[in-house]
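Visitor: Take me through one part of this model up close, please. I'd like the geometry, then who touches whom.

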Amino acid sequence: MNIINEMNLSFESKSSNESFARSAVSAFVLCLDPTIAELADIKTAVSEAVTNCIVHAYPDTIGTVYINVKITDQNKIIIKIRDKGVGIENIKQAMEPLFTTSSDERAGLGFAVMQSFTDNVKVRSKAGTGTTVTMEKTLYRTNYDKR
Amino acid sequence: MVETKFCDNVLTAKLYGEIDHHKAPSIRQKIDGQTESLRPKELHLDFSGVSFMDSSGIGLIMGRYRQVSLIGGKLKVINVPKSLQKIISLSGIDSLGVLK
């Protein structure tokens, strides 16, 4: 599996950047000619991961959110969303549907949406150091121009 | 964003554009303000103008369900576009009986 295209993005953990983040990732993968449904899945999964950074990783401060997107020669999209925030103490619990630590009106569905809208989700986290969420999705109706 | 209309004891909130964690609080504030002052028998959330929604939209629906139930009213979620049906279905909101 070879990486044929890659992009990196970093921005402040402000909620106003949520739409920018999902739009930027979806614009980058447009070269794979995704279906509208595939594009909607990617936008939704990215929105959930970025919102987690803003709400949970940097609860009382503005930090930096890092996004790396790779496209492979097998039409796989690999999206890494990383923060240097507070980290997750119990990843298994955090990934349970309806679990939330937020007092705000959160549904607790962030990870469930990421898992349902992509093919694979991995979470690495260390308390006090930060969290990396890696999501993979393979597109099937694609005719990518590799130039 | 959101436009509201009150007619025959039904408060209809028509939602527009994208609903995410950034946009949800102002939508919530407007709908809750009208719900408290008008005390409708039914609150209708009309999603026909919504082009994107993440789980913040699910939180918005669940929160309004609680709010309107507190004053003895009922919630109806109407005109959900095909593009939002996947996340609505995942949330299990249909078990509340609010989808029309």
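Guide: Handedness goes like this: a crossing is left-handed if the near helix is turned anticlockwise from the far one by less than a right angle, and right-handed if clockwise. By that rule, α1(A) and α2(A) make a right-handed crossing (helices are DSSP runs of H or I with at least four residues, numbered from the N terminus). The model is predicted, so to speak of local features takes pLDDT of at least 70, and side-chain atom pairs pLDDT 80 or more, while totals for chains, interfaces and linings use all residues. Residues count from 1 along each chain as its sequence is written, with chains lettered from A and ligands numbered from 1 in written order.

The axes of α1(A) and α2(A) come within 9 Å and cross at roughly 140° (lines fitted to C-alpha atoms over the stretch in contact, angles from 0 to 180 degrees between N-to-C directions).

Now the contacts (C-beta atoms, placed from the backbone, within 7 Å). From α1(A), A:Glu18, A:Ala21, A:Arg22, A:Val25 and A:Ser26 take part; across from them in α2(A) sit A:Leu39, A:Ile42, A:Lys43, A:Val46, A:Ser47, A:Val50 and A:Thr51. That's six nonpolar, three polar and three charged residues (Asp, Glu, Lys and Arg are charged; Ala, Val, Leu, Ile, Met, Phe, Trp, Tyr, Cys and Pro nonpolar; the others, Gly among them, polar).

Technical notes. Helices (H or I, at least four residues) and strands (E, at least two) are DSSP runs, numbered from the N terminus. Two residues are in contact if their C-beta atoms, placed from the backbone, lie within 7 Å.
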